Amino acid sequence: MEQLENVRREYHYGSLSREDLDPSPFAEFDHWMQQAMAAGIQDPTAMSIATVGMDYRPSQRTVLLKHSDDRGLVFYTNLESRKSLEIAHNNQVSILFPWFAMDRQVSVEGRAERLDARSVLKYFLTRPRDSQIATWASSQSRKLDSRALLEAEFFRMKTKFQDGKIPLPAFWGGYRIVPDRWEFWQGGEHRLHDRFEYRRKKNSWTISRLAP
Ligand SMILES: Cc1cc2nc3c(=O)[nH]c(=O)nc-3n(C[C@H](O)[C@H](O)[C@H](O)COP(=O)(O)O)c2cc1C
């Protein structure tokens, strides 16, 4: 049986230098995301998001990035979920894209802002019908006695909304993460990785290389 301590590999995918970097972290991120998609990475838009509760306990989970532009990074979720309750109390969050197939990770820190209802509705309408129904059927993060109850609720909602359009639940929405720090990490040989940090400075960004 292989020992955990022996699991390791070298990182050969590439290197990163200061001249390669776009002055805008949003443009740099877009470039990396396009490369991740072109490389066929599974779930390239999946990101871990960490929040901190009232008791200062951090927790994290995966969500899907649904939009990104110079204003920030957007995801959708249940507004009564654990993450949303924690964001309501403390809007500082951290996200991480684990693109290990390219020896890369991108991490972002910033504040999460609630999206307006119009933007949420616009996205909700693009979701497959059964996903819209599932949104109604699940009280995300709450205790649930059995899977059968969840399925029963799904079919109850399916019948309820049988014909017409499915309305946007008031408890469902989205957040835009407005970054003030980014880090682009590219694995290097002999554990000599390249790390570049962008920090927001009023309307521009300062870029620093960090020791691996
Ligand atoms: C690949 C993947 C994608 C996911 N995408 C989302 C998402 O976009 N929105 C969401 O609310 N939950 C998503 N989930 C489920 C969350 O990880 C999590 O279980 C859920 O949001 C409840 O989290 P919370 O109780 O910490 O609030 C995803 C899970 C995985 C593994």
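**Helix packing**

The axes of helix H4 (residues 129–137) and helix H5 (residues 147–160) come within 8 Å and cross at roughly 120°. Axes are lines fitted to C-alpha atoms over the stretch in contact, with angles from 0 to 180 degrees between N-to-C directions. H4 and H5 are therefore oblique to each other, a class left after under 35 degrees (roughly parallel), over 145 (roughly antiparallel) and 65 to 115 (roughly perpendicular). Ile133, Ala134, Trp136 and Ala137 of H4 make the contact with Leu150, Glu153, Phe154, Met157 and Lys158 of H5 (C-beta atoms, placed from the backbone, within 7 Å). By class, this contact has seven nonpolar, no polar and two charged residues.

**Basis of the model**

The model is predicted: local features need pLDDT of at least 70 and side-chain atom pairs pLDDT 80 or more, while totals for chains, interfaces and linings use all residues. Residues are numbered from 1 along each chain as its sequence is written. Helices (H or I, at least four residues) and strands (E, at least two) are DSSP runs, numbered from the N terminus.

**Strand hairpin**

Strands S1 (residues 46–52) and S2 (residues 58–64) run antiparallel and are joined by seven bridges; pairing requires at least two DSSP bridges. Methionine 47 has valine 63 in S2 as its bridge partner. Five residues lie between the strands of this hairpin, and tyrosine 56 in the turn has a positive phi of about 65°.

**Ligand shell**

Of the 16 residues around the ligand, Arg61, Thr77, Ser81, Lys83 and Ser141 come nearest (C-beta atom, placed from the backbone, within 6 Å). S2 gives the most to this shell, with five residues.

Note on methods: Two residues are in contact if their C-beta atoms, placed from the backbone, lie within 7 Å. Ala, Val, Leu, Ile, Met, Phe, Trp, Tyr, Cys and Pro count as nonpolar, Asp, Glu, Lys and Arg as charged, and the others, Gly among them, as polar.
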